Amino acid sequence: MQPVRLYASQAGKWVYCPAFPRVNNQFKSPYDPQAAIEGTQSHAVAEWIMRGRVGKMPQATPEGIACAEAYVLRLPDGAVPEVSLSLESLGANVGRAKVDSLLFDNTYADIMDYKFGKTPVKAKDNWQLICYCVGVADRYPSISNFRVGIFQPRSNNHDERETSWTITRPEVLNYKKQLQHAARRALDPDAMCVTGSHCLWCPGLHACPAAQEAAEIACNVAAERITRVLTDYELAADITRLQEASERLKLRLNGLYAEATQRERIPYYEVLPGRSKTIWKYEPEVILGLLELEGLDIRKPLDLRTPIQTLNLGLSQDLYDELTEVKRGALKLRKSDTKIFNEVIKNVKDNGSATR
Ligand code: SF4
């Protein structure tokens, strides 16, 4: 097994889930590689601007260049790009960190992180930034106050594209103890999986028994019938919560169905052809006009009669063939055995576990 290595950029995961570094070693990153390349390129452009635009500008997309320009404009004068910091005081298994920009004097440090991704990230209580503070605090013992910021020009949250947080040295040292403890726990070869919101984007999510169990429990709790009469607000809140969950799950399930129907077979399921439908080939007005010429009125209160109904009204087969087309139904997935749920779950636990 590869030795466990911890990185500041993933601290938000290994602080909460000691098994994360091991799982991360086992599976490839789930992130979009193209987005990662564009992010790295934009960071390189930002560094190039901060170092005085010497030499050729690194390659980047127009958006990557624009975002890098906007990021550099936000920085305080004198900020230094790409500062490498040792985090070995957190543990021998913690790798060095690179801070996107750092400005400091005797007592104050300003640390800025540039994020190119769209998933909103905040500066407050951000473990990655806390790691940076530890690195800066270790290197410069006179610094007593830290300001950490995140600039995220493409964030999906338009109102919070830039956030910051101030933190004192005693607070940093307190967090440092928590990080040291977490780094030690992550070294344990039997480190446990601990679920929570940090499971989002975990590369082993699909095979993590703890996450699957948490999903099952959440599902059971959400489906539990509430036996007392809810207030109006409670009722509205419950409906909203379940509607939202069901929409999101439906979306995900449709994605999985689409993927499954592309494969020749998957265990426990059979792929069935969808039901085909004969539909009118042209817009309703065109069909109506053409059929009126044939003496046929196929108007219904809200719609047109179907091609089959029109055939029964006397439409000739030749015209039917000319005006209609067959729309293939989407492939369908059917469970080949309705009692399989426990078996599928057990097989994933026995054969597909990421964390054993
Ligand atoms: S999915 Fe599993 S391994 Fe990944 S962070 Fe969550 S609990 Fe840890």
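**View 1. The domains of the predicted model.** The protein chain is divided into domain 1 (8-195), domain 2 (205-268 + 336-351) and domain 3 (277-327), with bounds that come from an automatic or database domain assignment. The C-alpha centres of domain 1 and domain 3 lie 63 Å apart. Residues are numbered from 1 along each chain as its sequence is written. This is a predicted model, in which local features need pLDDT of at least 70 and side-chain atom pairs count only at pLDDT 80 or more, while totals for chains, interfaces and linings use all residues.

**View 2. The shell around the ligand.** The ligand is surrounded by 17 residues, and the closest are Cys17, Cys193, Cys199, Cys202 and Cys208; a residue is near a molecule if its C-beta atom, placed from the backbone, lies within 6 Å of it. Two or more residues of this shell come from each of the elements α2 (20-26) and α7 (209-223), where helices (H or I, at least four residues) and strands (E, at least two) are DSSP runs, numbered from the N terminus. By class, the shell has 12 nonpolar, four polar and one charged residues, given that Ala, Val, Leu, Ile, Met, Phe, Trp, Tyr, Cys and Pro count as nonpolar, Asp, Glu, Lys and Arg as charged, and the others, Gly among them, as polar. Because domain 1 (8-195) and domain 2 (205-268 + 336-351) both give residues to the shell, the ligand lies between them.

View 3. Helix α5 (residues 127-139) has 13 residues, which should span 18 Å at 1.5 Å a residue, and its end C-alpha atoms are 18 Å apart, which agrees; the expected span is 1.5 Å times one less than the number of residues. Of the 13 residues of α5, 11 are buried, where buried means that 20 or more other C-beta atoms lie within 10 Å of the residue's own, exposed means 12 or fewer, and partly exposed is in between, with C-beta atoms placed from the backbone. Leaving aside neighbours within four places in sequence, Cys133 is in contact (C-beta atoms, placed from the backbone, within 7 Å) with Ile111, Phe146, Val148, Ile167 and Val172. In soluble globular proteins, nonpolar side chains tend to be buried together.

**View 4. Helix α3 and its packing.** Helix α3 (residues 33-50) has 18 residues and reaches 26 Å from its first C-alpha to its last, close to the 26 Å expected at 1.5 Å a residue. Its buried residues are Gly39, Ser42, His43, Val45, Ala46 and Trp48, and these pack against α4 (62-74), β1, β2 (97-104) and β3. After α3 comes Gly52, whose phi is positive, near 95°.

View 5. Glu82, in strand β1 (residues 80-85), has a positive phi near 45°, and Glu82 is partly exposed, with 15 other C-beta atoms within 10 Å. Asp125, in the loop between β3 (108-114) and α5, has a positive phi of about 60°, and Asp125 counts as exposed because it has 11 C-beta neighbours inside 10 Å.

Note on methods: Two residues are in contact if their C-beta atoms, placed from the backbone, lie within 7 Å.
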